[in-house]
Amino acid sequence: MIKLRSKRVSRSNSKLGSGGSGNSGGGTVKGRGGGGGEIKWELRPGGMLVQKRESGGSEGEGLITVRASTVSQWHDITIQATSTFGELKMILSLVTSLEPREQRVLFKGKEREDSEYLHMVGVRDKDKVLLLEDPAIKERKLLGLGLARPPNYRTISV
């Protein structure tokens, strides 16, 4: 029988300011190596001890610039990273003459649904999305305007 060993890396609660007992708000640990940085800890309701987040916001928040490319032109759109593709389509409808229902937005080669969030799919600052006109609606427009050639029907009389 072979016994496997695993290395465990953990920080003991004794490094916290009050020893980890009775401290529900959190504590600090002095940084090593003379850097002078402090690590702030907080105790979550589930009992998990985690590093405290900075108040500046986390990844995925804030404004990003997305380059929307059509066949002949491109537009730089500044939008919240936590927005949906539907909201991006609404902004693109102001820049282009296409209504949101007439647009197809592709990111990383896949068409994205209106309810999908930009940051959840992986859209970051300066990323490119492809904007296409829906071919079915484009065809309906051409038929409605009379620009498309009607089919050639022949009448046969007997």
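This is a predicted model: local features need pLDDT of at least 70, side-chain atom pairs count only at pLDDT 80 or more; totals for chains, interfaces and linings use all residues.
Strands, by the way I use the word here, are DSSP runs of at least two residues, numbered from the N terminus.

**Entry 1: Thr70**

I looked up Thr70 and found it in the loop between strand S4 (63–69) and strand S5 (74–80). Is Thr70 buried or exposed? Its relative accessibility is 17%, and buried means under 20%, so Thr70 counts as buried. I then checked Thr70 against Glu133: they sit 63 residues apart in sequence, but their C-alpha atoms are 8.8 Å apart in space.

**Entry 2: the sheet**

Next I traced the strands. In what order do the 5 strands of the open sheet run? I read the order as S5-S4-S8-S6-S7, with mixed pairing. S5 and S7 are the edge strands; each has a single partner, so one side of each has no neighbour in the sheet. Helix H1, residues 85–95, packs on this sheet and touches S4, S5, S6 and S8. I also noted that the direction of H1 makes about 135° with that of S5.

Then I zoomed in on one pair. A reminder to myself: strands of a sheet pair through backbone hydrogen bonds, either parallel or antiparallel. S6 and S8 go the antiparallel way, over 4 bridges. Across this pair, Val105 stands opposite Leu131 in S8.

**Entry 3: Thr84**

I moved on to the loop between S5 and H1, where Thr84 lies. Thr84 counts as buried because its relative accessibility is 12%, and the cut-off for buried is under 20%. Which residues does Thr84 contact, leaving aside neighbours within four places in sequence? I listed Asp114, Ser115, Glu116, Tyr117 and Leu118.

**Entry 4: two lysines with positive phi**

I kept one rule in mind here: most residues other than glycine have a negative phi. Lys108 is not a glycine, yet its phi is positive, about 55°. I found Lys108 in the loop between strand S6 (103–107) and strand S7 (110–111). With 63% relative accessibility, Lys108 counts as exposed, since exposed means over 50%.

Where does Lys126 lie? I placed Lys126 in the loop between helix H2 (118–121) and strand S8 (127–133). Lys126 has a relative accessible area of 65%, so I wrote it down as exposed.

Methods:
Residues are numbered from 1 along each chain as its sequence is written. Side-chain values use heavy atoms; hydrogens and water are left out. Buried means under 20% relative accessible area, exposed over 50%, partly exposed in between (1.4 Å probe, protein chains only). Two strands pair if DSSP finds at least two bridges between them. Contact means heavy atoms within 4.5 Å. Axes are lines fitted to C-alpha atoms, for helices over the stretch in contact, and angles run from 0 to 180 degrees between N-to-C directions.
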